[in-house]
Amino acid sequence: MTKPAIVAVDDDAQVLAAVARDLRSRYGADYRIVQAPSGADALAAVDELLARGEAVALFLVDQRMPAMSGTEFLLEARPRFPEAKRLLLTAYADTAAAIQAINEVGLDHYLMKPWDPPEEHLYPILDDMLADWHASVPAPFDGVRVAGTTWSPSTHDIKDFLARNNIPYRFLDIERDDEARAMTEAAAGEQGVIPVVFLPDREPLIQPDRRTIAAEVGLHVEAESRFYDLVIVGGGPAGLAAAVYAASEGLRAALIEKAAPGGQAGTSSRIENYLGFPSGISGGDLARRAVAQATRLGAELITAVEVESVKLEDAVKVVTLSDGSELRCHALLVASGMAVRKLDVPGYERFEGAGVYYGAAPSEAATYAGGHVYVIGAANSAGQAAMMFSRHADLVTIVARGPSLEAKMSQYLVDQIASTPNIEVLLESAVVGVDGAKTVERLQLRDLATGTEEERPASAVFIFVGALPHSSVVADLVATNDKGFILTGADAFVDGKRPAAWTVERAPFLLETSVPGIFAAGDVRAGVVRRVASAVGQGSIAISMVHKYLESV
Ligand SMILES: Cc1cc2nc3c(=O)[nH]c(=O)nc-3n(C[C@H](O)[C@H](O)[C@H](O)COP(=O)(O)OP(=O)(O)OC[C@H]3O[C@@H](n4cnc5c(N)ncnc54)[C@H](O)[C@@H]3O)c2cc1C
């Protein structure tokens, strides 16, 4: 196979030679290093690569070039190789241009010249960028083929599972490919049984569960030990951060993740507000980096296995997994996150992220200046969002199923809403349809009292119909709030009363639940700020508390 290219562009012959030398010495074995003295020459080289069907992994371009600036070149080159990573070489004075380029050309990184020594200032950055590139392009086909149909949820589940665990596969659509259909029917023994997964030199897997596939493709699905200092439930940002800190501080730790590492964050296409990533980072890339970091430090990550229950044997926690095995540990960290409650409207999924949003960030409000925004829900979060959007949008409509807002919303918000002229409230109403070409353009609303329906134009729909904590594995053991979110620290003693399970003299540590040695971090906790940084912070801090607890057992 031809090596993917790294394209270096600089009008200064000396700098270009130095860049090419550094690139060749580190990456020459795996990449073709293409050098060009101007944007125009580089575009000609890029067009040639395109014509030959070759790949470009990285553009490394000087910003200050006379005829065509680095940013202008990247604007031209981007549509030709949209997946290629983009790095701008800048002088100190160009920093503002580089920051602007983050938005204009989706710049991944900028680097100030000079970068000597490259081992410290250049290679670590390029290593990360090239690893991200490899993860974003279809990996070389490795023999796993998933046969099914595009709209089958179980086929989608397996494809999603493989992709999120970085396992390359080929999809065989049996509705379009007669050969694939015949092969699938022969394997399954009858028509319509999908998905079927084909692996080299093995029997096809008929409608396999995630664990079967995970084991077949070589993921780590079984714990190496029966006893750990710490077991972490969930591999989202909180669990992964805890695994990194636990392993780096010498704890024997196992993390159990039922689906794929990354959690909710792993499904985000771009996390813009996580410190240290000025161009944003995709949830998949963040998860992949965290997994590599935790594993390198010695944490054990067990995937495609679910924690089903937890019980106590005196101070020891006994964790039962979905494969029937049991793990014992001194301390347990519940970092199992939550799921947003989905809107029950057929077909709306295709607009998720394209006019249909769960929650709302203040930064999104300005996007809908002059538009008509719908907020679905009747709790405080919906009221706050409506107020926020009312400062930008022409009209904000709150759609609530109940007969009044007062039941779930604080009175101050109800009053604010009533005195804001561009907010309308539709009570006893529901959204029953969402429609548009690429983004949301229209909504179908139903009056629940009369059953009448009407279609209305819409710019966006923000959904606040609640969250479901993944706390069931410890719900019988630890104190939770009325929604099932876990109470920790001082809040773990409801009304200040010591629960029966509290067997020690001290008060709960920060992030400790109402059972000594069971901790919780991230979105599964009550009253928490639901953000990646917040989850990572809690997962990290939890390990200090675990150390304190372990001193006492
Ligand atoms: C689409 C989307 C975009 C987002 N964008 C941003 C953003 O840009 N910036 C930001 O700051 N925040 C963002 N968030 C919020 C952020 O992702 C969450 O706050 C964060 O992921 C919470 O981390 P967590 O580790 O607590 O839980 P989660 O991310 O929910 O992870 C929990 C993990 O536990 C696993 N699990 C659950 N139960 C079990 C069990 N019984 N056994 C084994 N494993 C289990 C789940 O499979 C999951 O992987 C976004 C959320 C979503 C859904």
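**Figure 1. Contacts across the sequence in the predicted model.** In this predicted model, 62% of the contacts between residues at least 6 apart in sequence join residues at least 24 apart. The chain contains 15 helices and 26 strands. Its radius of gyration is 27 Å, close to the 24 Å that the globule rule gives for 553 residues, so the chain is as compact as a globular protein of that length. Along the principal axes, the C-alpha atoms fill a box of roughly 75 × 60 × 60 Å.

Figure 2. Of the 553 residues, 50% are buried. The chain exposes about 26,100 Å², and carbon and sulfur atoms supply 51% of that area. There are 49 positive and 73 negative side chains. The centres of these two sets lie 2 Å apart.

**Figure 3. The buried side of helix α14.** Helix α14 spans residues 411-418, and L413, V414 and I417 are buried in this helix. These residues cover an arc of only 100 degrees around the axis, which puts them on the same side of α14. The buried residues of α14 pack against helix α13 (380-390) and against strands β19 (395-399) and β20 (423-426).

**Figure 4. V46 and its contacts.** V46 sits in helix α2, which covers residues 39-51. With a relative accessible area of 0%, V46 is buried, because the cut-off for burial is under 20%. Leaving aside residues up to four places away in sequence, V46 touches F59, F73, R80 and F81. V34 is twelve residues from V46 in sequence, and their C-alpha atoms are 9.1 Å apart in space.

Figure 5. The peptide bond from K113 to P114 is cis, with omega near -10 degrees. P114 lies in the loop between β5 (109-112) and α5 (118-121). A cis peptide bond also joins D116 and P117, with omega about -10 degrees. P117 likewise lies in the loop between β5 and α5.

**Figure 6. Positive phi at Q207.** Q207 is not a glycine, although its phi is positive, at about 40 degrees. The residue is found in the loop between β9 (205-206) and α9 (210-216). Q207 counts as partly exposed, at 47% relative accessibility.

**Figure 7. Positive phi at A304.** A304, a residue other than glycine, has a positive phi near 65 degrees. The loop between β12 (300-303) and β13 (307-313) holds A304. A304 is buried, with a relative accessible area of 8%.

Note on methods: Residues are numbered from 1 along each chain as its sequence is written. This is a predicted model: local features need pLDDT of at least 70, side-chain atom pairs count only at pLDDT 80 or more; totals for chains, interfaces and linings use all residues. Side-chain values use heavy atoms; hydrogens and water are left out. Helices (H or I, at least four residues) and strands (E, at least two) are DSSP runs, numbered from the N terminus. The radius of gyration is taken over C-alpha atoms; the globule rule is 2.2 Å times the number of residues to the power 0.38. Buried means under 20% relative accessible area, exposed over 50%, partly exposed in between (1.4 Å probe, protein chains only). Contact means heavy atoms within 4.5 Å. Accessible areas come from the Shrake-Rupley method with a 1.4 Å probe; for residues, only the protein chains shown count as cover. Lys and Arg count as positive and Asp and Glu as negative; His and the chain ends are not counted. The place of a charge is taken as NZ of Lys, CZ of Arg, CG of Asp or CD of Glu. The arc is that of the directions from the helix axis to the C-beta atoms.
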